[in-house]
Amino acid sequence: MAKNDDSLVRAGDIIEAIQLLSRLPMPDAGGARGAAAAWAYPLAGLVIGAVAAGVGLLAHGVGLPAPLSALLCLATTVIITGALHEDGLADTADGLWGGWTVERRLEIMKDSRIGSYGVIALCLGLAARWAALWVLFEHAPYVAVAAVLVAAVGSRAMMPGVMATLPHAREDGLSASVGGVRRPAAVLALAIAGSCALIFAGTGGLFAVLYAVGITAGLSKLAKNKIGGQTGDILGATQQLAEIAILFALAAQI
């Protein structure tokens, strides 16, 4: 099947989503559907989060202190995803604050080199996630596992919403190559995230996902004003900020 497949859900979408958002080896998905598979992004996050949470829980189980368990959990996520979203956060920070025109901002975001804004955003983002995971593993290791799962699922559920509501800021790049997302697919992704949050963390998980929705809405408005739409870097930044929001919200509930 090709990208013009009109069905909302296909089993191969989950494999395709994992292939796009991680470095995990996957079998053939049976034909690329591009943006049509975006509803499955939160399920890809569930796989990524399960591996990372498992590493963190194992580290805690063998007696490593909370800071090291949190660090190994975080490092696992970065390794599995190939730092895809972290790169987007850094490029977004460089572009949105490093240029004075739309054209210059997009040019900076496309540049593979990282600037001072990007370095600062990357360091603060990693530190924020590590600190939240540290608190969680120190006070409630099994709650930490739930938080990692909710954050991994919920943050990736935000991306289809951005793709469905904002136009492409440029015609090339990862986001444009994937294509546009239909609103039903974005709603389904959000429903999956809400269901997982409720299962793993109760009503507190649902509120955490709502915080992520608020952060996503703010970044979307900023991207629309600064560059006229969204890019793959904006989507990466969306995932990172949403993950931080969810982890902070759940850590605050301990």
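One definition before anything else: a salt bridge here is a side-chain nitrogen of Lys or Arg within 4 Å of a carboxyl oxygen of Asp or Glu. Side chains of opposite charge can pair when their charged atoms come close. By that cut-off, Glu86, Arg129 and Glu243 are linked in a network of salt bridges.

Now the ground rules. This is a predicted model: local features need pLDDT of at least 70, side-chain atom pairs count only at pLDDT 80 or more, and totals for chains, interfaces and linings use all residues. Residues are numbered from 1 along each chain as its sequence is written, and side-chain values use heavy atoms, with hydrogens and water left out.

The closest N and O atoms of arginine 129 and glutamate 86 are 2.8 Å apart. Arginine 129 sits in helix α6, residues 116-139, and glutamate 86 in helix α4, so this pair ties together parts 43 residues apart in sequence. Helices, by the way, are DSSP runs of H or I, at least four residues, and they are numbered from the N terminus.

Are these two partners buried or exposed? Arginine 129 is buried, at a relative accessible area of 0%. Glutamate 86 is buried as well, at 5%. Buried means under 20% relative accessible area, exposed means over 50%, and partly exposed is in between, with a 1.4 Å probe and protein chains only.

How many salt bridges does a search of the whole structure find? Five. Glutamate 107 and arginine 104 form one of them, at 3.3 Å, N to O. They are three residues apart in helix α5, so about one helical turn separates them. Glutamate 107 is partly exposed at 48%. Arginine 104 is partly exposed at 39%. Arginine 113 and aspartate 111 also pair, at 2.7 Å, N to O. Arginine 113 is exposed, at 64%, while aspartate 111 is partly exposed, at 25%.

Next, packing around α4. Helix α4 covers residues 84-98 and helix α5 residues 102-110; their axes are 8 Å apart, at an angle of about 155 degrees. That makes α4 roughly antiparallel to α5, a label for angles over 145 degrees. Axes are lines fitted to C-alpha atoms, for helices over the stretch in contact, and angles run from 0 to 180 degrees between N-to-C directions.

Which residues make that contact? From α4, Asp91, Thr92, Asp94, Gly95, Leu96 and Gly98; from α5, Arg105, Ile108 and Met109. Contact means heavy atoms within 4.5 Å.

Then α10, residues 232-252. Its axis and that of α4 come within 7 Å and cross at roughly 110 degrees. That makes α4 roughly perpendicular to α10, the label for 65 to 115 degrees. On the α4 side, the contact residues include Glu86, Asp91, Thr92 and Leu96. Among those they meet in α10 are Asp233, Ile234 and Leu241.

Alanine 83 lies in the loop between α3, 66-81, and α4. Its phi is near 55 degrees, a positive value in a residue other than glycine. Alanine 83 counts as partly exposed, at 25% relative accessibility.

Definitions and conventions: Helix = DSSP H or I, 4+ residues; strand = E, 2+ residues; numbered from the N terminus. Parallel < 35°, antiparallel > 145°, perpendicular 65-115°, else oblique.
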